[in-house]
Amino acid sequence: MATGTESPAATAAAAMADPSCPPFPLLEEEGQHEREEEENVPHGGELELPTVDLEAPGEALAAACRRLGVFRLANHGVPADLSARLFAVARDLLGRAPFHNKQAQPGYFWGTPALSSLRVRDVNWVEGFHLALGRDHQPTAAASSPDLAALADLAREYGAHMARVARTLFGALAAALGLGAGQASAYLAEHDGFLRAYRYPPCPEPGRLGMEAHTDSSVLSVINQDLVGGLQVLHGGAWRDVAPCGGGGTGTGKLLVNLGDMARAISGDAFRSVRHRVAASRGDERLSLCYFAFPRDDAVISCRGSRYRPFTYAEFREQVQADIKATGSKVGLERFLVHH
Ligand SMILES: O=C(O)CCC(=O)C(=O)O
Ligand SMILES: [Fe+2]
């Protein structure tokens, strides 16, 4: 994690104002405003997204995946009060508890959800809990506080809904791609999904990111966000805002789904894996709950006529981790391009 890189003077302001705030380094004082390539991409205002009805996905689903790789999801069947309770517990745990208490909890991270040694400019203005949901994980057993146990219990209930949503969506996508049943089940390992509860604390520095630009490594990801906003997708050469739809019984209650690298690879680039990022929050903290669905580790990711060589999901994951460790960022599918 990002400890050891912060200067006490630079972080004092943020920490004093809010004892729950991690010691994020302020970049201005450190003269480290290195511009990432993508920060020069223009900002193009809000992007209207299509809505897919989970009860009748029809052609709208595959069309959205081909055109954008991101869509809103209605009629998803996730009870509004379950989302509301999860948001409330996450808000208490992340937004109210002092930083040093959070740090002692299993699954807590700040600065980045990726495991890596970080350079200062890579520190994102985000913190959260990583919640494993699989059969072999007993999140409550590891929980060291009643609040974290409550979060883990709710996460398990919510995770069952997410697995259902992912299964339904992927079933329709697998049919659209003409995948066989065996292949389809290897490409979506229901028990390996995980959930992250993120908090993006208010950030005093303009232009900072809550999460740097990336594509997800998942098959698909499901985002449940509050009404603050900050999520942006790269579309048509510009960063476009995704208007928050509200989770936890607020707003429209729609979820947001984006496809990851694995959906792109198994479709031979027919489906898009949208590049996205989160602008740091200015006035209000932002909370989101993100679920990620993955292939089985041993699933061989391949597609007839693909630009990528066949690889297992385990190989992909290891390559991503090695690249992050070596360079600070993920390379992704390009690593697997077939060179002619
Ligand atoms: O918090 C969000 O809305 C997005 C987070 C995200 O993109 C991710 O965790 O991969
Ligand atoms: Fe993401």
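# A tour around helix H7

Start with the largest nonpolar core of this predicted model: of its 82 residues, select Ala90, Leu151, Leu195 and Leu220, which touch the most other members. Helix H7 gives the most to this core, with twelve residues.

Before going further, colour the whole chain by secondary structure. The protein comes to ten helices and 15 strands. Of its 340 residues, 42% are buried. Contacts between residues at least 6 apart in sequence are joined, in 72% of cases, by residues at least 24 apart.

**Stop one: Leu151.** Which residues does Leu151 touch, leaving out those up to four places away in sequence? Show Val89, Ala90, Leu93, Phe129 and Ala197. Ala90, like Leu151, is among the core members with the most contacts to other members.

**Stop two: H4 against H7.** Select helix H4 (residues 80–96) together with helix H7 (residues 146–177). Their axes lie 10 Å apart and meet at an angle of about 150°. Angles over 145 degrees count as roughly antiparallel, so H4 is roughly antiparallel to H7. The crossing of the two helices is left-handed. For the side chains, display Leu82, Arg85, Leu86, Val89, Ala90, Asp92 and Leu93 on H4. Facing them on H7 are Asp147, Leu148, Ala150, Leu151, Leu154, Ala155, Glu157 and Tyr158. By type, the residues of this contact are eleven nonpolar, no polar and four charged.

**Stop three: H3 against H7.** The H3 side of the contact consists of Leu61, Ala62 and Cys65, and the H7 side of Leu169, Ala172, Leu173 and Ala176. What types of residue make up the contact of H3 with H7? The count is seven nonpolar, no polar and no charged.

**Stop four: Arg196.** Now select strand E6 (residues 194–200) and pick out Arg196 in it. Is Arg196 buried or exposed? There are 20 other C-beta atoms within 10 Å, so Arg196 is buried, the cut-off for a buried residue being 20 or more. Leaving out residues up to four places away in sequence, Arg196 touches Pro113, Gly128, Phe129, His130, Leu131 and Cys290.

**Last stop: a distance.** Draw a line from the C-alpha of Arg196 to that of Tyr313. The two residues are 117 apart in sequence, and the line spans 20 Å.

Definitions and conventions
Residues numbered from 1 in each chain as written. Chains lettered and ligands numbered in written order. Predicted model: local features only at pLDDT ≥ 70, side-chain atom pairs only at ≥ 80, totals over all residues. Axes fitted to C-alpha atoms, helices over the stretch in contact; angles between N-to-C directions. Helix = DSSP H or I, 4+ residues; strand = E, 2+ residues; numbered from the N terminus. Parallel < 35°, antiparallel > 145°, perpendicular 65-115°, else oblique. Left-handed = near helix turned anticlockwise from the far one by under 90°. Contact = placed C-beta atoms within 7 Å. Nonpolar A, V, L, I, M, F, W, Y, C, P; charged D, E, K, R; others polar. Core = buried A, V, L, I, M, F, W, Y, C linked by C-beta atoms within 7 Å. Buried ≥ 20, exposed ≤ 12 C-beta atoms within 10 Å, placed from the backbone.
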